[in-house]
Amino acid sequence: MSATPATAPNGTPNPEPAPPPGWTDAAARARLHIVTGKGGTGKTTVAAALALSLASNGRRVLLIEVEERQGIAQLFDLPPLPYEERKVAVAPGGGEVRALAIDVEAALMEYFAMFYNLGFAGRTLKRLGAVEFATTLAPGLRDVLLTGKAKECVGRLGPNGKPVYDAVVVDAPPTGRVVTFLNVTVAMADLARKGPIRNQADGVVTLLHSADTMVHLVTLLQEMPVVEMMETIAELRDADLPVGSLIINAATGAHLNGTALEPAARGTLDLEELAADLAGAGITVTDALVDGLAAEATEHAIKVLAEAESESVVRGAGLPVLTLPFLADGADLGGVYELTEALTAQGVR
């Protein structure tokens, strides 16, 4: 396919191609949503908001935690979650979000029971410390268990023959480890030539590399998270894993008009004009007030311009981009619902 010419036949410039929507039809059709991001970018909060948005209008969504941090319980102000699926929130329009905090040891016991009929024997192995020994000896086994459980939840059918969950959202490991986490089952499939382990591994590989899965990356508009996100996009593509939306979290937004940003960043705002504007608003003007506001404006403008530069890199990836606001009151339950509204307004459902 040829590139769009810069000018039309009549010599007028062609309009820039429209950026892709933040939430594509492919993302809407996917049933497994993997959420990752550099540590500190708020990926757990974003994963929870995504689950709520996907659960709107009567849908049922499962939110899975794999790092054993109990981050979901803290976010929804709940006691630590056991290894079972529990309802944690009601979504706008009457849907519901259930949560599952995967315990690796319990997942291995479940795996023994499902594929090897080792219910009692599995519990004996646990008492003998064999579970810890196995996961230490083969670190990749832990990730196989986690991705395998996610796959089981996606494929589980109810009595009516329909999927129990309309979507499954996984709060995945950070970007530095997510490709290894998602791709470890490929290596396990190569090691196990036949039997239940091979069949399970093949099923997970098929799901993770299919159109039913999307990997979404969360970033802040800061240099290091953006660089790590771009590197992870390349790694995901090299592994043939489907990249979904790039989610900009905690975007500041400019509180100065465009003409004031550059002078404010340089520290050259017209202080007399600022004082006159304050007086016109009925505010008692002092030198300390004007100087303080000018210093805050400089700090704000520098941050906004730096974020704009980072945002241009993110959008330059040519992938769908969703933008979430900075939460002034922190990432509490109210903030999760605020982010849910922002995602829904951008087409996530």
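Visitor: Why is Arg156 called partly exposed?
Guide: Arg156 has a relative accessible area of 22%. Buried means under 20% relative accessible area, exposed over 50%, and partly exposed in between (1.4 Å probe, protein chains only), so Arg156 counts as partly exposed. The model is predicted: local features need pLDDT of at least 70 and side-chain atom pairs count only at pLDDT 80 or more, whereas totals for chains, interfaces and linings use all residues. Residues are numbered from 1 along each chain as its sequence is written, and side-chain values use heavy atoms, with hydrogens and water left out.

Visitor: Are Lys43 and Asp171 buried or exposed?
Guide: Lys43 has a relative accessible area of 8%, so Lys43 is buried. Asp171, at 1% relative accessibility, also counts as buried.

Visitor: What other salt bridge does Asp171 make with an arginine?
Guide: Asp171 meets Arg69 at 3.7 Å, N to O. Arg69 sits in the loop between strand E2 (60-65) and helix H3 (71-75), 102 residues from Asp171. With a relative accessible area of 41%, Arg69 is partly exposed. Lys43, Glu67, Arg69 and Asp171 are linked in a network of salt bridges.

Visitor: What makes Thr45 a buried residue, and which residues does Thr45 touch?
Guide: Thr45 lies in helix H2. Its relative accessible area is 11%, so Thr45 is buried. Leaving aside residues up to four places away in sequence, Thr45 is in contact (heavy atoms within 4.5 Å) with Leu75, Ala331, Val336 and Leu339. In the protein chain, buried residues make up 43% of the 349 residues.

Visitor: Why are E3 and E8 called edge strands?
Guide: The sheet is open, with eight strands in the order E3-E4-E2-E5-E1-E6-E7-E8 and mixed pairing. Strand E3 (86-90) and strand E8 (321-325) each pair on one side only. From one strand to the next the twist averages 25°.

Visitor: How do you know that E7 and E8 pair?
Guide: Two strands pair if DSSP finds at least two bridges between them. Strand E7 (residues 243-251) and E8 have four bridges, in the parallel sense, so they count as paired. Ile248 has Thr323 in E8 as its bridge partner.

Visitor: Why is H11 called roughly perpendicular to H13?
Guide: The axes of helix H11 (residues 258-266) and helix H13 (residues 287-315) come within 7 Å and cross at roughly 115°. Axes are lines fitted to C-alpha atoms, for helices over the stretch in contact, and angles run from 0 to 180 degrees between N-to-C directions. Angles under 35 degrees count as roughly parallel, over 145 as roughly antiparallel, 65 to 115 as roughly perpendicular and the rest as oblique, so H11 is roughly perpendicular to H13. On the H11 side the contact is made by Leu261, Glu262, Ala264 and Ala265, and the H13 residues include Ala297, Thr298 and Ala301.

Visitor: What makes H10 roughly parallel to H13?
Guide: H10 and H13 pack at an angle of about 5°, with their axes 10 Å apart. The angle falls under the 35 degrees limit, so H10 is roughly parallel to H13. Glu223, Val226, Met229 and Met230 of H10 make the contact with Ser310, Val313 and Val314 of H13. Helix H10 (residues 223-238) also lies across E6 and E7, at about 165° to E6.

Technical notes: A salt bridge is a side-chain nitrogen of Lys or Arg within 4 Å of a carboxyl oxygen of Asp or Glu. Helices (H or I, at least four residues) and strands (E, at least two) are DSSP runs, numbered from the N terminus.
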